[in-house]
Amino acid sequence: WQTLTDRPVGLTVNLSTSQLGETDLLTDFDDALRRHGLAPELLTIDIDAEALRREQGALRATLEQLHRFGVHLALDDVGMGAHSLDLVDEVPVDVIKLDRGLTSNVRGSRTSRAVLRSLIDLGHELRLPLVAEGVEEPGQLDALRELGAEQAQGYLVAPPLEAEAVTVLLRALAGRAPADATNVIRLHERSA
């Protein structure tokens with residue numbers, strides 16, 4: 001994929017807290033990255049905020065090792081659970097992913113809109129990229145763009161894709177390929 005575009009293509013992987021607790025995880029990541037020729041900084045691991053809250057103490061050393069290795073960490077499903085943003089000070093978070101429960105209601109719920117505005121402002125203040133999950137309609141994309149969200153993920157952008165479909169997509173987008181091949185786009189680059 002790296003040869004199909006002028007820009008580096010990142011990859012995001014969801015990991016459970018039990019997978020993060022595996023003893024040979026770092027060796028496995030190092031081997032896989034070398035085998036596929038992917039720089040660690042092009043890999044992002046999504047970690048569910050609520051699951052991380054429950055297992056945070058046990059996983060802190062692993063998360064810090066992955067971060068020192070160069071892997072990015074995304075705090076997933078932020079906004080619906082209690083106090084998930086305090087984890088930003090506890091573990092090395094690089095990206096905040098806003099829960100689809102909020103983004104799906106951005107046009108119909110004043111509360112969801114207010115919470116999203118606050119989370120987006122907080123993300124900007126912390127200088128952390130935000131990804132709005134579950135974007136399925138152009139109106140959602142417009143509302144999130146208006147609130148200052150920078151990236152979106154969801155079926156409006158693209159459904160989950162098999163490796164062959166990503167290859168086809170990157171070839172089709174040659175010269176203007178997305179920065180992240182996991183269905184994430186920059187909001188200002190897409191017209192709804």
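The structure described here is a predicted model. The count of cavities of 30 Å³ or more comes to one, and the volume of the largest cavity is about 40 Å³. Its lining is formed by I47, L52, L73, A74, L75, V91, P92 and V93. Sorted by class, these lining residues comprise eight nonpolar residues, with no polar and no charged residues among them.

Strand 3 also takes part in strand pairing. It pairs with strand 2 in the parallel sense, over five bridges. Within this pairing, I45 stands opposite L73 of strand 3; L73 is also one of the residues that line the largest cavity. Strand 2 (residues 43-48) is largely enclosed by the rest of the structure, because five of its six residues are buried. In a regular strand, side chains alternate between the two faces of the sheet.

Helix 3 spans residues 49-69 and includes T62. T62 counts as buried because its relative accessibility is 16%, below the 20% limit applied to buried residues. When neighbours within four places in sequence are left aside, the contacts of T62 are with L20 and L25.

Burial was also examined in helix 6, which covers residues 138-147. The buried residues of this helix are G139, Q140, L141, A143, L144 and L147. In an α-helix there are 3.6 residues a turn, so residues three or four places apart point the same way. After helix 6 comes G148, a residue with a positive phi, near 100°.

Note on methods
Residues numbered from 1 in each chain as written. Predicted model: local features only at pLDDT ≥ 70, side-chain atom pairs only at ≥ 80, totals over all residues. Heavy atoms only, no water. 1 Å grid on protein atoms, 1.4 Å probe; cavity = no way out; pocket = protein on both sides within 12 Å on 5 of 7 lines; lining within 4 Å. Points joined across faces, edges and corners; volume = space filled by probe spheres on them. Nonpolar A, V, L, I, M, F, W, Y, C, P; charged D, E, K, R; others polar. Helix = DSSP H or I, 4+ residues; strand = E, 2+ residues; numbered from the N terminus. Buried < 20%, exposed > 50% of the residue type's maximum accessible area, 1.4 Å probe, protein only. Contact = heavy atoms within 4.5 Å. Pairing = 2+ DSSP bridges.
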